[in-house]
Each structure stands twice: as structure tokens, then as C-alpha cells.
Amino acid sequence: MLRYGIIGSGNMGQEHIRYLKMLPDAQVTAVADPDREMRQAAAALAGPQTQVFEDYHDLLAAGLVDALVIASPNQTHADILLDVLPANLPILAEKPLCT
């Protein structure tokens, strides 16, 4: 089972959750978003095993994921990507990588 963490739980983050749920060996185990309502909606979509975090640094520190999806607002992609690269996890980053 490959455990995914979603950083950014708006429309694109929730779309990634929907697609990941179609994969037999994938599970969304963590969602990070500063917006409480969005992260709760994403967690409800992902399932009861999903833990929520206000800050993606806390998601990384929890050790709950094997791969990351960066689906935050466009202008945040580059900064988040630079922050999470040292975790040495596979990363899918939404486009654009930077604005």
C-alpha cells in the first residue's frame, strides 16, 4: 500500500484524492491545508484513515506518507517543493511549478 499525503485540499487536491481512491494500492493518509473547511472536506472524501494538518511541515514530520501531491495555490508550489525535497519522497507537483 502506497500512502499519499496531499498538500493543498482545494479543487485540485480533492480531484487527486478522487483519482487516488481508484488505485487499488493507494491510500490518502494525510492532508495539509491552512483552511480548516477545505482540509476537513478533503479528509472526509479520502476516508476515516486520513489525518489532517494545518501545516504541511507537520504532515511531513508525522511520517505517515510514502509520496506527496502538491496541489496548493499556484504561487506556493515552488516554495513548498523546495521545503519537501529533503524528505526524499516521490512528489507529484501541480503545474505551474513556479509563477
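1. A word on the ground rules. This is a predicted model, in which local features need pLDDT of at least 70 and side-chain atom pairs count only at pLDDT 80 or more, while totals for chains, interfaces and linings use all residues. Residues are numbered from 1 along each chain as its sequence is written, and side-chain values use heavy atoms, with hydrogens and water left out.

2. Let's start with strand E4, residues 67–70. Helices (H or I, at least four residues) and strands (E, at least two) are DSSP runs, numbered from the N terminus. Ala67 and Val69 on one side of E4, and Leu68 and Ile70 on the other, are all buried; buried means under 20% relative accessible area, exposed over 50% and partly exposed in between, with a 1.4 Å probe and protein chains only.

3. From E4 the chain crosses through helix H4 (residues 77–84) to E5 in a right-handed β-α-β crossover, that is, clockwise from the first strand over the helix to the second when the strands point away from the viewer.

4. Now the largest nonpolar core, which has 13 residues, with Ile7, Leu59 and Val84 making the most contacts inside it. E2, helix H3 (56–62), E4 and H4 each supply at least two of its residues, and H4 gives the most, three. A nonpolar core is a set of buried Ala, Val, Leu, Ile, Met, Phe, Trp, Tyr and Cys residues joined through side-chain atoms within 4.5 Å.

5. Leu59 deserves a look. Beyond its neighbours within four places in sequence, Leu59 is in contact (heavy atoms within 4.5 Å) with residues including Gly5, Ala30, Phe53 and Leu68.

6. Ala46 sits in helix H2 and counts as buried because its relative accessible area is 9%. Leaving aside neighbours within four places in sequence, Ala46 is in contact with Ile17, Lys21 and Val28.

7. Finally, Asp33 is in the loop between strand E2 (26–32) and helix H2 (36–46). Among the residues that Asp33 touches are Gly8, Ser9, Gly10 and Phe53.
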